Amino acid sequence: MQYVDSEQAKAAEAWNRYLRMEESRIGNIFMGQLKSTLRCTHCHHDSVTFDPFWDLSLPIPSRTGNLKLQQCLQHFTREEELDGDEKPTCSKCGVRRKCLKWFTVQKFPQVLVLHLKRFSPTERFRGKLNVVVEFPLSGLDMGPYAAARGQEAVYDLYAVSNHSGEWRRALRPSFLFQIATSAFTDAVTASRAESLTCSSAYKTRSLNLT
Ligand SMILES: [Zn+2]
């Protein structure tokens, strides 16, 4: 319990430090806080850091086929093993150890911006992507990606920004989700859905990334 409290204090301190430097009305709407956990596989010590974010940059876990936006979120928050040359130094062991690293969301913003990384930074020669990403118009549950268990964060879609044209410039298809409130009625959802494209009554839309 004390451990959790100290993490909360560390998160609050990082957040307040950021606000002292950068607080703005825009930040109050769009800014969230990301928690990064590094766990030593030898002593199981967790080293956590907290960073503010304006958007979450999601990898696309497949180069072809149909995906759900949630699969990109799962991929973003998955455990990654750091071994070999990537082994970090464990602050408790004092030597380099194989570690697990993962992200969770410590603090959710009022408006959440998600963008899709079409290319990985290591891909020098970018292959053609042929993926359809499905996304919900309402009820995107971000709870599974929260740092604290049981934290509720449900978002409705507000806008989609997709770039078409020459592929080198078409880098950042983005989604804006705003936190779901009782004021955001079904009627509003429906009218926004219409303005998005739409020729059918499906509750999910998709973005074709080719
Ligand atoms: Zn260790």
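How many bridges join S7 to S11, and do these strands run parallel or antiparallel? I looked this up at the start, bearing in mind that the model is predicted, and I found five bridges between S7 and S11, with the two strands running antiparallel. Within S11, Leu 176 is the residue that stands opposite Val 113.

I then traced the sheet around this pair: it is an open sheet of five strands with mixed pairing, and I noted the order as S3-S7-S11-S10-S9. S3 and strand S9 (140-141) are its edge strands, each of them pairing on one side only.

Next I turned to helix H3 (residues 69-76), which lies across S3 and S7 and runs at about 100 degrees to S3. I listed Leu 69, Cys 72 and Leu 73 as the buried residues of H3. They lie on the same side of H3, because the arc they cover around the axis is only 100 degrees. Among the elements that cover these buried residues I noted strand S3 (56-59), strand S4 (64-68), strand S7 (111-117) and strand S8 (130-136).

My last entry concerns the largest nonpolar core, which has 22 residues, and in which Cys 72, Leu 114, Val 133 and Phe 177 have the most contacts. The elements that give two or more residues to this core are S3, H3, S7, S8, strand S10 (154-161) and strand S11 (174-179), and S7 supplies the largest share, four residues. For Cys 72 I also checked the contacts, leaving out residues up to four places away in sequence, and I recorded Leu 58, Pro 59, Ile 60, Pro 61, Leu 67, Leu 116 and Val 133.

Conventions. Residues numbered from 1 in each chain as written. Predicted model: local features only at pLDDT ≥ 70, side-chain atom pairs only at ≥ 80, totals over all residues. Buried ≥ 20, exposed ≤ 12 C-beta atoms within 10 Å, placed from the backbone. Arc of directions from axis to C-beta. Contact = placed C-beta atoms within 7 Å. Core = buried A, V, L, I, M, F, W, Y, C linked by C-beta atoms within 7 Å. Pairing = 2+ DSSP bridges. Axes fitted to C-alpha atoms, helices over the stretch in contact; angles between N-to-C directions.
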